[in-house]
Amino acid sequence: MMTQTAFEIGGVTLAPGERRRVELPVSVLSDHTPVTLSVQVIHGKRPGPVLFVSAAVHGDEVIGVEIARRLLRAPQLRSLAGTLMVVPIVNSFGFLNNSRYMPDRRDLNRVFPGSPTGSLAARLAHLFMSEVVARADFGIDLHSAAIHRTNMPQIRVSASNETTLERAEAFGAPIIVRAKLRDGSLRAAAREVGCDILLYEAGEALRFDELSARVGSSGILRVMHQMGMIGTKGLPKRRAAPIQASSSSWLRAPAGGLLRCFKEVGEGVEEGTLLAAVADPFGEQEHEIIAPAPGIILGRAMMPVINEGDACYHIAATPIDPQKRMERLAADLEADPMFDEDEIL
């Protein structure tokens, strides 16, 4: 029988069964305030895989921070097999300033794998890759829509190996979207070093919403069960299989003006469905935005004032009759128990 060995990160050694927060030095601010990358490490007593969960790579995407908080309070972690590394806030600079970006206006998720001698963003990316990703077998990265947009809970995954797709299904988000890897992204850099990642998208920047938090926290636990890290006790089950979408596209405003939305994220639409209308402030001209094909609304703009060409609706191409499938999935999600604060999963 295999025995668990010690786990090392950032010069810190954790014994089997130990739980500790490790502070990885990032930088010192201009006022001499130190900045660290904080990693909560839970090293199980039994051998198993190493999983990392990260949030706030974009500093204003705060829903992931709440999901990480709930995950770290989950009672299932008391009998963990393997090792879990949770980084609730990767981009502390953006988080403190309610900003998506680093202080140098770089998007951290476009500079991976980074460099130890590059820009501040590149140095943080390199630290995260060398200390966290390099030690992991698999990862889950938590995101939301950009500011002034909102996303329905979804898993994004590239055309990957069968194991990764099985974990995407185990997560249990309503929809799985095949999304290409972007140069400089965490997903692309991690793939290069043999660590596949599920990307969870849900909600709106700088906002919490309960459905996104519940789907995210319970989904991570289901993936951990699928990986053999925890048992089934207390895990919400999914009776409806996630919808898989092979492609998606944005519908853009045909003119500038005032946007009135008639359909919400998560709704199924048919070809010809009226999604929204854009009118000028005098009410003299109005332009309709029509669904070009059947699908499910993945995301939409939240600002009522828009310019011509602005992204309005994000539609995923799905099989026929998306509305009925979404109704079954919605009922499944709502059936999850609502936990009191002291027992939240």
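Ile-197 lies in strand 10. The model described here is a predicted one. The relative accessible area of Ile-197 is 6%, and because buried means under 20%, Ile-197 counts as buried. Its contacts, leaving aside residues up to four places away in sequence, are Phe-52, Phe-138, Gly-139, Asp-141, Leu-186, Arg-187 and Ala-190.

Helix 4 spans residues 162–171, and its buried residues are Thr-164, Leu-165, Arg-167, Ala-168, Ala-170 and Phe-171. An α-helix has 3.6 residues a turn, so residues three or four places apart point the same way. After helix 4 comes Gly-172, which has a positive phi, near 85°.

The axes of helix 4 and helix 6 are 7 Å apart and meet at an angle of about 135°. With angles over 145 degrees counted as roughly antiparallel and 65 to 115 as roughly perpendicular, the two helices are therefore oblique to each other. Their crossing is right-handed. On the side of helix 4, the contact is made by Glu-166, Arg-167, Ala-170 and Phe-171. Helix 6 contributes Val-215, Gly-216, Gly-219, Ile-220, Arg-222, Val-223 and Gln-226. Sorted by class, the residues of this contact are 5 nonpolar, 3 polar and 3 charged. Arg-167, Ala-170 and Phe-171 of helix 4 take part in this contact and are also among the buried residues of the helix.

Elsewhere in the chain, an open sheet is formed by 4 strands in the order 16-15-13-18, with antiparallel pairing. Strand 16 (286–290) and strand 18 (305–306) are the edge strands; each has a single partner strand, so one side of each is left without a neighbour in the sheet. Strands of a sheet pair through backbone hydrogen bonds, either parallel or antiparallel. Strand 18 is joined to strand 13 (residues 257–261) by 2 bridges, and these two strands run antiparallel. Within this pair, Ile-306 of strand 18 is the residue opposite Gly-257.

Conventions:
Residues are numbered from 1 along each chain as its sequence is written. This is a predicted model: local features need pLDDT of at least 70, side-chain atom pairs count only at pLDDT 80 or more; totals for chains, interfaces and linings use all residues. Side-chain values use heavy atoms; hydrogens and water are left out. Buried means under 20% relative accessible area, exposed over 50%, partly exposed in between (1.4 Å probe, protein chains only). Axes are lines fitted to C-alpha atoms, for helices over the stretch in contact, and angles run from 0 to 180 degrees between N-to-C directions. Angles under 35 degrees count as roughly parallel, over 145 as roughly antiparallel, 65 to 115 as roughly perpendicular and the rest as oblique. A crossing is left-handed if the near helix is turned anticlockwise from the far one by less than a right angle, and right-handed if clockwise. Contact means heavy atoms within 4.5 Å. Ala, Val, Leu, Ile, Met, Phe, Trp, Tyr, Cys and Pro count as nonpolar, Asp, Glu, Lys and Arg as charged, and the others, Gly among them, as polar. Two strands pair if DSSP finds at least two bridges between them.
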